[in-house]
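Let us take a friendly walk through a protein model. Have a look at the chain first, and then we will go through it piece by piece.

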Amino acid sequence: MPSQGRRSAPLPKGWHRIRRRILKRDGHVCQWPLAAGGLCGEPANQVDHKQGAAQGVDDHSDANLWALCQWHHDQKTGREASAVAHAKPPRRRPAEAHPGLIN
């Protein structure tokens, strides 16, 4: 069974069966859409969420899963991790008016 890596949310029970089903559904071919049209088409060995925890989605349905080659899986995961790392924290209090401004 593949490792879960550093996921913040646990994978659903029976993930190994879900993973096998998605790889079979997608013909073990990477489903990443290319800018020029079509799909990557390289051999797929990963199953990932189209929208995942980085987008605040916890959807393990077949419609939200796709087979990816290792390269596209790494690219997607890297972009998601970068977006989370560079997200600005929410402001703790509203901005105050500058004390030198005249109302």
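Predicted model: local features only at pLDDT ≥ 70, side-chain atom pairs only at ≥ 80, totals over all residues.

## A walk through the chain

At 32% relative accessibility, glutamine 70 counts as partly exposed, since that label covers what falls between buried (under 20% relative accessible area) and exposed (over 50%), using a 1.4 Å probe and protein chains only. Glutamine 70 belongs to helix 2. Leaving aside neighbours within four places in sequence, glutamine 70 is in contact with Asn45 and Gln46, where contact means heavy atoms within 4.5 Å. The C-alpha atoms of glutamine 70 and alanine 44 are separated by 6.9 Å, although these residues are 26 apart along the chain. The side chain of glutamine 70 is also joined to that of aspartate 74 by a polar contact of 2.9 Å. A polar contact is a pair of N or O atoms within 3.5 Å; within protein, one must be able to donate a hydrogen and the other to accept it, and residues adjacent in sequence count only if both atoms are side-chain atoms.

Residues are numbered from 1 along each chain as its sequence is written, and side-chain values use heavy atoms, with hydrogens and water left out.

### The overall plan

The chain has two helices and two strands, and from the N terminus on they run α-β-β-α. Helices (H or I, at least four residues) and strands (E, at least two) are DSSP runs, numbered from the N terminus. Of the 103 residues in the chain, 27% are buried. Among contacts between residues at least 6 apart in sequence, 54% join residues at least 24 apart.

Helix 2 (residues 70-85) has 16 residues and reaches 22 Å from its first C-alpha to its last, close to the 22 Å expected at 1.5 Å a residue. That expected span is 1.5 Å times one less than the number of residues. Which residues of helix 2 are buried? They are His72, His73, Lys76 and Glu80. These residues cover an arc of only 105° around the axis, which puts them on the same side of helix 2; the arc is that of the directions from the helix axis to the C-beta atoms. An α-helix has 3.6 residues a turn, so residues three or four places apart point the same way.

The buried residues of helix 2 pack against strand 1 (46-49) and strand 2 (65-68). Histidine 73, for instance, is in contact with Gln46, Asp48 and Leu68, leaving aside neighbours within four places in sequence. The face turned away from the buried side carries the exposed residues Trp71 and Ala85.

### The paired strands

Strand 1 and strand 2 pair in the antiparallel sense over four bridges; two strands pair if DSSP finds at least two bridges between them.

Alanine 67 has a relative accessible area of 0%. Beyond its neighbours within four places in sequence, alanine 67 is in contact with several residues, including Ile22, Leu23, Val29 and Ala44. Alanine 67 and cysteine 30 are 37 residues apart in sequence and 5.4 Å apart in space, C-alpha to C-alpha.

In strand 1 you will find histidine 49, whose side chain makes a polar contact of 2.7 Å with that of histidine 60.

| Residue | Relative accessibility |
|---|---|
| Histidine 49 | 5% |
| Cysteine 69 | 6% |
| Histidine 73 | 17% |
| Cysteine 40 | 18% |

How many disulfides does the structure hold? There are zero disulfides, a disulfide being a pair of cysteine sulfur atoms within 2.5 Å. For cysteine 40, the nearest cysteine sulfur is that of cysteine 30, 3.8 Å away. The sulfur of cysteine 69 is 3.7 Å from its closest cysteine sulfur, in cysteine 30, which is too far for a bond.

Finally, turn to the loop between helix 1 (15-25) and strand 1, where histidine 28 sits. Most residues other than glycine have a negative phi. Histidine 28 has a positive phi of about 55° although it is not a glycine. With a relative accessible area of 43%, histidine 28 is partly exposed.
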